[in-house]
Structure formats: C-alpha cells, structure tokens
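User: Hello! Could you walk me through how the two chains meet in this model?

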Protein chains: 2
Amino acid sequence: MINLSQTKVFGGWHKQYQHTSTVLNCDMRFAIFLPETAGPTSPVPVLYWLSGLTCTDENFMQKAAAFKKAAELGIAIVAPDTSPRGEGVPDDPDGKYDFGLGAGFYLNATQEPWKKHYQMYSYVVNELPELIETYFPVTPDKAISGHSMGGHGALTIGINNPEDYVSISAFSPICHPSIVPWGEKAFRHYLGEDKTTWQPYDAVSLINQHPVTTPILVDQGDADGFLHEQLKPETLLAAAKANNVPLTLRMQPGYDHSYFFIQTFIEEHLEFHAEHLRRDAW
Amino acid sequence: MINLSQTKVFGGWHKQYQHTSTVLNCDMRFAIFLPETAGPTSPVPVLYWLSGLTCTDENFMQKAAAFKKAAELGIAIVAPDTSPRGEGVPDDPDGKYDFGLGAGFYLNATQEPWKKHYQMYSYVVNELPELIETYFPVTPDKAISGHSMGGHGALTIGINNPEDYVSISAFSPICHPSIVPWGEKAFRHYLGEDKTTWQPYDAVSLINQHPVTTPILVDQGDADGFLHEQLKPETLLAAAKANNVPLTLRMQPGYDHSYFFIQTFIEEHLEFHAEHLRRDAW
C-alpha cells in the first residue's frame, strides 16, 4: 500500500493511498479522513462514503465539508473510487459518463468483458474494510452513506449486510435502478438480460424481499434535475412503509444534485450515524 | 451581466455571473454567496475573497467550507477570478503557472503587453464592488481575505484602502513579494525594473510607509512547502510590530498550503470579519 498524500485538516489527517486490489484486478486509490483522536489505544468507527457517477475518491473529501463534524464526533471516513481503473479496464464503448469507468454501480458484474474488473460490491463490502481494519486505528463498527449512484450503493450494500452496517444514509440516491435509464443500462451490461439477477442491487426490490431494521436517512432536493427520471425516492418510501423499514425521507425544497446540497446536510448525516455507532458500541 | 448558475446552499444561494469588465477589457466571471437573510430590506455586508495562483472563482466556493458560518453570520462572499481571461489576453510565454493567466497578482500592470488587461487592482477595488453594490442586496460594508497570491492581494488592497475594508485576513499570504521568486517575476513583467513602482503592491513595504489601524489576521501552516522561499510571514510580523499595526499572525503546526488548511480555520476568519463588520455598522 502506497501513501500518496497526507494533509492535516481539523487536527486530523486526510490521506490518500494506492493499493493492488485482488477482487478488482487492478490498482485502486482510496482516501481516508482520520480524526485527531484516532490512535492504537483509541480506535474510531468508520463511515464509508460512496460517490456518484464520474467521481473519484476526491470529490467528497474536497467538497462535502464533512471533516469538522467528523473530527468532533470522532468518526473516520473512507472514500473509495467509483469503479476499477487503469490499463486493461474496459470502459463504455460509447464513452458516456454513466457506464464503465467512474460508473461501477457497486455491483459484481457477471458478464464479459466486465466481470474481470467490475466487482465493486465485493471490494466495498469485503476487501476495502479488511484493508482499513488492518492498517488503520479503527473499530469494526461501520456505517455507510453515498450520493446518487453512491446512494444506491449505500442503500443496497447496507440492506444486504445489516450485520455489518449500523446505519445507512443517502443523498439523492438512485432508489429503484431496475426501472430507470441509468440503472437499466448499467445492469443490462454488467449483469445481463435476466432481471432476477438485478434484484439484489435494487434497493426497492431488496426492501420488499428482506425488510431490515437498519435505520435509513435519505435527503433529496426537490430542484434536482434527475429526480423524476432517475432517482424516484417515492418508490423507496412506499416500499419502506409497506415493510415497516425505518426510513426517513426528507424532501429538501430548492436543493439540486450538487455537493452544495450535500455540504448543507452532511453534518446531520454524520450525527445520525454517530448516534447509531455509539449505540452499537455499548 | 449573465447568470451562469445558481445553487441553493445552507438556505442561501451560490451564484456565478459573467460580465464585461471595462477595466480589464475582457469578459470576467465571478461567484457570490448570498445568505438566506439577504434581501432588499435587509442587505448584508460583503467579504471579498481573493484566490491564489491557478485558481478561478470556483476553488474557494467549492472547497473552503465557508457557507455554513457565513449563512449564520449573515455575510455575503464574493470571489472574483484571479486574472483577466479570454482570447487576446496574453499569458506567460513559458506557460508557467505563476505568471499570466491565473496569476494577475492583484496589481495594475504598466508594461506592454500586460497593461491592456492586467488591471486586477482596479477591478477588485472599484469595478467589482460597484457592480456588486448595484445588483445585489448588500451594504457598502466590506472586509477582505485571500490565500497565497490572494493573501498578498487582500493585504495590499486592504492596507491601501483602509477606509473601504474594515478588516483584513489572509491564509499563507505572499507577504513580501518584492524579495521572493513569485513576486519578483510577476512585478518585473507587469511593473518593470524600477522597484519603487513595486512598493504599493508589497505588504511589508506598505506597512512601513503607511501604518494602518485596520485589524489583520493571518494564518500560516508551518508544514507549508512555500513558507520559507515564497511567503515569509516573519517579515510581515516584524513590520507590523515596528509600526504598531494590529496584526495577529498564527503559525499553525502541521498544516500545509491547501484548502484543507483553509477550511480548518475559515470559520474563525469569518467570525473575525463579522465582529468588525458589525462594529462598522453601528
């Protein structure tokens, strides 16, 4: 593992690393924020942040304004990249932003030529936490959050692994990818035409099949240009209600899909996760 | 004036505009943050933020994490670009980052081929505030801050115009540009070989010639790679002490030259300016 950068921020550290991923078959970069209080005798819990289409490990870390509150609450934040990268990793042949590089959709591809590298589900659920828990002063206590495609990732990974993540949150998530253009395109290529294989990666389908008791917080701006065609939070809310899943959906008037929206509410998400991480630690 | 974007953030608005600058002879872009409380019957004071080498209006607005506190304090923030731009605006013939485009040094050039466009001093001191005060719900109360080259800009513009700016702050400013590589290169090209013409743009020289009573706050990271060769805050501190200028210089252990450093302390700078802006309004 190579340390690419380390920068002091709010008394703690933002660091970037490169490592060779076994499940993704390529070199990957991730970033971690470690609060000042984190140390071998005082490990801290971890919030995993999954970014949206086109992002890398840097977008959230530079634009979300999350570190002041994370430092105060004593929470580490880990931000992986959004897809495998590098020579030999196939990209969308049409060069579009919504598939291929920067658009791994946090699933395990089963189709050629994608399946060799596009295994972001296993990377986020298994390989990355193992690495983080081996090399950094953290506890096994985990929460998960994300934005847009990463909100989809946080919901599906959190719901599929209720014993691993104490709480789930999302900003502007793709709630029901099986029925929207971004999700249909990605799932068809990565998973094939059999839609039963899509269900484990669709938050609405998951909630209907496996209602969890994990608390879920979702913020969605009502001025978000992707709201009606791609995001569909009303489908998630209906599924949660029908299955008694503890979901709070907050429609935020006037807010769009940007990091300005995220920075406005990220401190409330951190407080939400901190409450459940503390409860888990008792 | 063309509105290029508007995004809700912390209840207020981040907006970008393009306008034709008379003093710079080109089209310019700037960004403004307006807190929710700003309106025709409740105008707010303005903090002008000057960015460093290579930046545009976007760096501070996206990375500084300033809006939560600015919203709370009821302060607008205006971020201009760092140089004239566009077709016909000459750039460093060597293509370096430290001169020409993105490196206007907040001065009025007197030399060919620079003087037609490189008039950032007049733009920031006169043209931009006139525009802001005409079109936005702001008071004439102004404070000024900046980073690196923009810290130099904030110091020199603030000290040269003590009646216009109630307080001055800077992160990692180029304190004594006349004697450091970045400043010498820029001043020689923009202003010529006669070093007496450099003095109005050198904070240390200015303080020695025109001691002001404007309160000044400077934060400087001691892990900043540019500290000893380019920034030299000790020269500013010595000049301020010798002339009884109310300067507070805080050396911040472990911090570097990045926006992670800025976001760590920006709220304290906003509180510093708010205190003096309130006092001015009484």
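This is a predicted model: local features need pLDDT of at least 70, side-chain atom pairs count only at pLDDT 80 or more; totals for chains, interfaces and linings use all residues.

User: What is the area buried between chain B and chain A?

Analyst: Contact means heavy atoms within 4.5 Å, and 23 residues of chain B are in contact with 23 residues of chain A. Buried area is the accessible area (1.4 Å probe) that two parts lose on being put together, summed over both. Carbon and sulfur atoms give 56% of a total of about 2,000 Å².

User: Which residues in chain B lose the most area to chain A?

Analyst: Three residues together account for 31% of what the chain B side buries. They are B:Lys8, B:Gln62 and B:Phe260.

User: Which element gives the most to the side of chain B that touches chain A?

Analyst: Elements here are DSSP runs numbered from the N terminus: helices (H or I, at least four residues) and strands (E, at least two). Between chain B and chain A there are two salt bridges, each a side-chain nitrogen of Lys or Arg within 4 Å of a carboxyl oxygen of Asp or Glu. In one salt bridge, the side chains of A:Lys68 and B:Glu267 meet at 2.7 Å, N to O. With five residues, the element that gives the most to this side of chain B is α9(B).

User: How are the two copies related?

Analyst: Superposing by least squares on the C-alpha atoms of residues with pLDDT of at least 70 in both, chain B can be laid on chain A with an RMSD of 0.0 Å by a turn of 180° and a shift of 0.0 Å along the axis. The two copies are therefore related as by a two-fold rotation axis.

User: Is B:Ala239 buried or exposed?

Analyst: B:Ala239 lies in helix α8 (residues 233-242) of chain B. Leaving aside residues up to four places away in sequence, B:Ala239 touches B:Val204, B:Ile207 and B:Asn208. Buried means under 20% relative accessible area, exposed over 50%, partly exposed in between (1.4 Å probe, protein chains only). B:Ala239 has 4% relative accessibility, so this residue counts as buried.

Note on methods: Residues are numbered from 1 along each chain as its sequence is written. Chains are lettered from A and ligands numbered from 1 in the order in which they are written. Side-chain values use heavy atoms; hydrogens and water are left out.
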